Amino acid sequence: MSIEKITLRKPLLINGEYRKELTYDIDELDINRITKAEGLKAKIGGQDTVGTISIAQTDYALHICIGMHAIMAVNSDIEVEDLQRLKGYDLTKLAAIGQRFFIEPAEQEQATSSEQQEDTQDTTIAP
């Protein structure tokens, strides 16, 4: 993957400037960022998350926090507090980034041979 961007429905004020687009890169997420995302989820959730067990692939709040860290990984001027001001459907865009982290992209294999592929369909008719 490479640097991608999301377009916000409502511009976000960051360092005195309104930003309508935010770039991110899932490939820049490392163990430190993932554990910070988990810690952020616990901090934001407070007592609601104490003693609960969740599965990362279905943990919506964790997806949002991972999305935040994918943005911060390539935007050194953006802080967690900036992204915590996002609301509504802009949060779903963060969650979509986090969800994609748990789904490995399919690598497309392209045939490199110029030879025609063999037709293996059986066309015989039984008597």
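Author: Here is a close look at helix α2, with a few words on its setting and its partner.

This is a predicted model; local features need pLDDT of at least 70, side-chain atom pairs count only at pLDDT 80 or more, and totals for chains, interfaces and linings use all residues. Residues are numbered from 1 along each chain as its sequence is written, and side-chain values use heavy atoms, with hydrogens and water left out.

First, the setting. The protein chain has four helices and two strands. Helices are DSSP runs of H or I with at least four residues, strands are runs of E with at least two, and both are numbered from the N terminus. Along the sequence the pattern reads β-β-α-α-α-α. Of the 127 residues, 29% count as buried (under 20% relative accessible area; exposed is over 50%, partly exposed in between; 1.4 Å probe, protein chains only).

Now α2 itself. It has 13 residues and spans 19 Å from first C-alpha to last, close to the 18 Å expected at 1.5 Å a residue. That expected span is 1.5 Å times one less than the number of residues. Helix α2 is mostly covered, with 11 of its 13 residues buried. Among them are Leu-62, Cys-65, His-69 and Met-72. The buried residues pack against β1, β2, α1, α3 and α4.

Take α4 (residues 89-101) next. Its axis lies 6 Å from that of α2 (residues 60-72), at an angle of about 90 degrees. Axes are lines fitted to C-alpha atoms, for helices over the stretch in contact, and angles run from 0 to 180 degrees between N-to-C directions. The two helices are therefore roughly perpendicular (65 to 115 degrees). On the α2 side, the meeting residues include Tyr-60, Ile-64, Gly-67 and Ile-71. On the α4 side, they include Leu-91, Leu-94, Gly-98 and Phe-101. Contact means heavy atoms within 4.5 Å. The residues of this contact divide into 11 nonpolar, five polar and no charged. Ala, Val, Leu, Ile, Met, Phe, Trp, Tyr, Cys and Pro count as nonpolar, Asp, Glu, Lys and Arg as charged, and the others, Gly among them, as polar.

At 29% relative accessibility, Phe-101 is partly exposed. A search of the whole structure finds one aromatic pair. The rings of Phe-101 and Phe-102 have centres 5.2 Å apart and planes at 80 degrees, so the pair is edge-to-face (centres within 6.5 Å, planes over 60 degrees apart). Phe-102 is partly exposed too, at 27%.

Terms used. Angles under 35 degrees count as roughly parallel, over 145 as roughly antiparallel, 65 to 115 as roughly perpendicular and the rest as oblique. Rings of Phe, Tyr and Trp (its six-membered ring) pair if their centres lie within 6.5 Å; planes under 30 degrees apart count as stacked, over 60 as edge-to-face and the rest as tilted.
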